[in-house]
Amino acid sequence: MESVIIDPRAAYSIADGFAQASARILEFRVNHRHELTDQATRELERCEDGLDSLVVLFRNYGIRLIGQGAKEAADALTGAIEEARDALENIADVKKAIDLAAAVAHLAGALYMGNVKAIVGAVSSMAKATGKVLDANA
Amino acid sequence: MPIGTSRFNRAVFAVVALLLLGGCASLKPVHDYASETEKLTAAFEPMLAGSYQSCTDKYIRKKLVTSRHFDAAAAQKAAMALCGSIDKDNETIADLNSLLGRYATTLKDLADEKVPSYSEPLGNLKGSLGELKNRNTGEAFIDADQVNAVVSLADHLARLATKRVQHDEVKRLLAQKPAVFAIVDAMKTYAQLNYRSWLADEIREISILRSSLDASAESEPLAANSAKSMLMGDETRIAAQDASISRFLVAADTLKSTHETVLLKIDYPSDAELAKQLIDYANDVAALRKQLRKAYAE
């Protein structure tokens, strides 16, 4: 069974990506607090919490991905998160921002499991949501 | 005339030869290096605990400033749940730091000129002298003054002969350089990539929270100003902690160059370059400790 430990330096870089994504959602939430509904605010906070837990995970030691395509998944992860983080920089559409934040946070479950198939699925959903935000920003 | 005098004389001669061949170089530089390294490992501890603290502080600070319905108890609980695994996962680095500390203490004890250890090598000589004295029924085999003189020489030599064993043991310990450097590098990586990142996250968040407070300053000046004041205090403290990391990294690098120099010049304890290196190390550790007092003062 293919299994790979994410390189520690890559893991720290990914953790920083999650931390920055969480900060951007916070910024969005704070800047738009008068427009956002209670529910939208709660959703965004939940996303931040999910991202924050990913930061903890990736700054700890020995993240192992298990399964077919583990290496590719590990490689793809960093790039995908950076793109999502960048997409969150200028958010025009609240709903799309929430969807992206949720997709990024959804990775948490997949990554805790360390299961490549679940991660690949989550990364793919996140990339779609990133694309929608970028389209909305354009 | 006591029998065995020539045997006795040969024994004394052998012991004196040992003394001359011993090349007893002072181990004070080793003591000094080990002593500063002990302090360094103690200085590392607040930085290990710091990452958990940074994680919980950040979470609670965010909720405090931005929650529509802030619940202090819930926030505390959630913070601990979020950050709880950090301490557990830091155990590896904590163990490495402890190991380095133990290494330093052992090295220091071995190099400590005051404490004789390993009395074994000359124990036999002393014992057999005692035997000689007791075996005779009528006549002193070796008179009392001679025994006392040799026994005190043996005591003295026990230190020196021990130093020879110590010397070898110290060299063997210093030769563990690859392991020592591996530990120091792991500690540096933790400080630079892990702990420093937590502090950077806090700074980033504080700047976002401050601008949100600027916006509410008009409607709720007291609350906003009080929160801003808290943020400023936090920022100062975090900056001091980050400066500790910088000091630690410098001291860690100096540890390595000092170790190299001590090993290289083990037989030249009065070497000027070695003396300078040890002074630099002591200064770097002192600067780290001074910075830590600023950063972690309550």
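Colleague: Thanks! Before we go on, what pLDDT do local features need here?

Modeller: This is a predicted model in which side-chain atom pairs count only at pLDDT 80 or more, totals for chains, interfaces and linings use all residues, and side-chain values use heavy atoms, with hydrogens and water left out. Residues are numbered from 1 along each chain as its sequence is written, chains are lettered from A and ligands numbered from 1 in the order in which they are written, and local features need a pLDDT of at least 70.

Colleague: Back to A:C47: how far is its sulfur from the closest cysteine sulfur?

Modeller: A disulfide is a pair of cysteine sulfur atoms within 2.5 Å. The closest cysteine sulfur to that of A:C47 is in B:C55, too far for a bond. The distance is 18 Å.

Colleague: Which two cysteines do form a disulfide?

Modeller: The structure holds 1 disulfide over all chains, with its sulfur atoms 2.0 Å apart. The pair links distant parts of chain B, 28 residues apart, from helix 2 (residues 28-66) to helix 3 (residues 72-89); helices are DSSP runs of H or I with at least four residues, and strands runs of E with at least two, numbered from the N terminus.

Colleague: Why is the disulfide of B:C55 and B:C83 called left-handed?

Modeller: The handedness comes from the torsion about the S-S bond of B:C55 and B:C83. The disulfide is left-handed because this torsion is about -80°.

Colleague: On to charges: which residue of chain A meets B:K58 in a salt bridge?

Modeller: A salt bridge is a side-chain nitrogen of Lys or Arg within 4 Å of a carboxyl oxygen of Asp or Glu, and the whole structure has 28 of them. The one at B:K58 has an N to O distance of 4.0 Å, and crosses from helix 2 of chain B to helix 2 (residues 38-59) of chain A. Both partners are buried. The residue is A:D52.

Colleague: What kind of aromatic pair do A:F18 and A:F58 form?

Modeller: Rings of Phe, Tyr and Trp (its six-membered ring) pair if their centres lie within 6.5 Å; planes under 30 degrees apart count as stacked, over 60 as edge-to-face and the rest as tilted. These two rings are 5.7 Å apart, centre to centre, with 55° between the planes. A:F18 lies in helix 1 (residues 8-31) of chain A and A:F58 in helix 2, so the pair ties together parts 40 residues apart in sequence. The pair is tilted.

Colleague: Last one: over which ring does the charged end of A:R59 sit?

Modeller: A charge sits over a ring if NZ of Lys or CZ of Arg is within 6 Å of the ring centre and within 35 degrees of the ring normal. The charged end of A:R59 is 4.5 Å from the centre of the ring of B:W198.

Methods: Buried < 20%, exposed > 50% of the residue type's maximum accessible area, 1.4 Å probe, protein only.
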